[in-house]
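Subject: Structure handover

Hello,

Here is the structure we discussed, with notes on what was found in it. Please look it over alongside the notes.

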Amino acid sequence: MCSSDLSYDCFYQDCFSLGVTIFGMAAADYPWYATRNGKCQLWDFYCQRGLQAFLERRKARKGNLKLVEVFSPSLTDLLVGMVEILPEDRLTLGESVFDVELGDKHKSVWDNDWLHEFN
């Protein structure tokens, strides 16, 4: 990720990967082309400024709109939580293991409004 001293956790990585996939489907484009510092300006900008600033600056592939104008606020909120730089700050995918480890309910993607807008 942005820092080489982060520990690897498969549960958090799955959430990050799914967030990138959802971003790609919604934007019809990759968010960045590499996740190594110095290899992709988009990744470097995201690491320094966060996803909200990234969406405010990045234009949609077609048209002249910024991605923040294309994505709904609830989708943006979901993606911000899923692709947090620090794994422990990311949303979970609802894994029950987090309830035991954290002693309380860690915020899950299932708590996000975007997943319930289509019912």
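Setting aside residues up to four places away in sequence, F71 touches F23, A26, A27, L55, T76 and L79, where contact means heavy atoms within 4.5 Å. This is a predicted model, in which local features need pLDDT of at least 70 and side-chain atom pairs count only at pLDDT 80 or more, while totals for chains, interfaces and linings use all residues. Numbering runs from 1 along each chain as its sequence is written, and side-chain values use heavy atoms, with hydrogens and water left out.

F71 is also one of the residues with the most contacts inside the largest nonpolar core, together with F23, Y46 and F54. That core has 25 residues; a nonpolar core here is a set of buried Ala, Val, Leu, Ile, Met, Phe, Trp, Tyr and Cys residues joined through side-chain atoms within 4.5 Å. Two or more residues come from each of α1 (10–27), α2 (41–49), α3 (51–57) and α5 (73–82). The most, 5 residues, come from α1. Helices are DSSP runs (H or I, at least four residues), numbered from the N terminus.

On α1 itself: the helix has 18 residues and spans 25 Å from first C-alpha to last, close to the 26 Å expected at 1.5 Å a residue (1.5 Å times one less than the number of residues). Its buried residues are Y12, C15, F16, G19, I22, F23 and A27, buried being under 20% relative accessible area, exposed over 50% and partly exposed in between, with a 1.4 Å probe and protein chains only. Because they cover an arc of only 125° around the axis, they lie on the same side of α1; the arc is that of the directions from the helix axis to the C-beta atoms. After α1 comes A28, with a positive phi near 55°.

L18, also in α1, is partly exposed, at 36% relative accessibility. Beyond its neighbours within four places in sequence, L18 contacts M82 and L93. Its C-alpha is 8.7 Å from that of V83, 65 residues away in sequence.

V83 is also among the residues lining the largest cavity, the others being G19, V20, F23, P31, W32, L51 and L79. A cavity is a set of points on a 1 Å grid over the protein atoms alone where a 1.4 Å probe fits but cannot get out, and lining residues have an atom within 4 Å of a point. There is 1 cavity of 30 Å³ or more. The largest share of its lining, 3 residues, comes from α1.

Regards

Methods:
1 Å grid on protein atoms, 1.4 Å probe; cavity = no way out; pocket = protein on both sides within 12 Å on 5 of 7 lines; lining within 4 Å. Points joined across faces, edges and corners; volume = space filled by probe spheres on them.
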